[in-house]
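Here are a few friendly notes to read alongside the coordinates.

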Amino acid sequence: MTVEQDPAKHMDGIYRVQRHIYDVSRKYYLLGRDGLLDALQPMPGETVLEIGCGTGRNLICAAHRYPAARFYGVDVSAVMLETAAASVEKAGLGHCIRLGQADAARLDTEALFGVASFDRVFVSYALSMIPPWREALAHAFAAVAPGGALYIVDFGEQAGLPKVFRAGLRAWLAKFSVEPRADLEAELRRLADVSGASLAFSRPFRDYACLAVLTRCAAASA
């Protein structure tokens, strides 16, 4: 059975043990996550969705930053959601964070949460782990409410880094089914063109990472 056929089983296999050390180990190389959270700036009462929420780390950090907003998180991995739920409960944030299991490439938040669209949607280092990433990206943007925005941070092409470092990083990432999406900017620009949205795209840390904000027009339909 391929990853595309059973992504939940595949991710559970990767993170069944690693989830216990994920936050400690990943903080050194998942660059740009906290900057993305700072940029969200939801207004009181607005809704924020994270696609690929993993251990819940980002949602918990965001809920502390924006206590008047409402947060939702989805992940395909049941074991990651188990860890996320425990972390949310420990943080005392169960009143403002809801979690659900979903495949990002087949996302239906209305069926899952009773919420069709969100003021902010973000994806942090997850598109590089989803084989049908274009479908996941389309669903993520479809979940953005009029006037809202989709925020993305993920691995870049590392074009500005030494070749030896780049090759070593790529080989190591591949062990965890991570593949930087070379066509991410082009796909985002295509979505912007067909929807009338505006796109801000950058490649910080010498293209180690890529950052994107795709903002939907206020008059557009979700």
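1. The largest nonpolar core holds 33 residues, and those with the most contacts inside it are Leu49, Ile51, Val121, Leu137, Leu150, Ile152 and Leu184. Do keep in mind that this is a predicted model. At least two residues of this core come from each of β1 (47-51), β2 (70-75), β4 (118-124), α7 (133-142), β5 (144-155), α9 (184-195) and β7 (209-215). The largest share, five residues, is supplied by α7.

2. Beyond its neighbours within four places in sequence, Leu49 is in contact with Tyr72, Gly73, Val74, Leu107, Thr109, Phe113, Phe118, Arg120, Val121, Phe122 and Ala143. There is also a second, separate core of 32 residues, with Ile60, Tyr125, Ala149 and Phe176 among them. As a general matter, nonpolar side chains in soluble globular proteins tend to be buried together.

3. Now to helix α3 (residues 33-40), where the buried residues are Arg33, Leu36, Leu37 and Leu40. These four lie on the same side of α3 because they cover an arc of only 100 degrees around the axis. In an α-helix there are 3.6 residues a turn, so residues three or four places apart point the same way. After α3 comes Gln41, with a positive phi near 45 degrees.

4. Finally, have a look at β2 and strand β3 (residues 97-101), which pair in the parallel sense over five bridges. Val74 has Gly100 as its bridge partner in β3. Between β2 and β3 the chain passes through helix α5 (residues 78-90), making a right-handed β-α-β crossover.

Methods:
Residues numbered from 1 in each chain as written. Predicted model: local features only at pLDDT ≥ 70, side-chain atom pairs only at ≥ 80, totals over all residues. Heavy atoms only, no water. Core = buried A, V, L, I, M, F, W, Y, C linked by side-chain atoms within 4.5 Å. Buried < 20%, exposed > 50% of the residue type's maximum accessible area, 1.4 Å probe, protein only. Contact = heavy atoms within 4.5 Å. Arc of directions from axis to C-beta. Pairing = 2+ DSSP bridges. Right-handed = clockwise from strand over helix to strand, strands pointing away.
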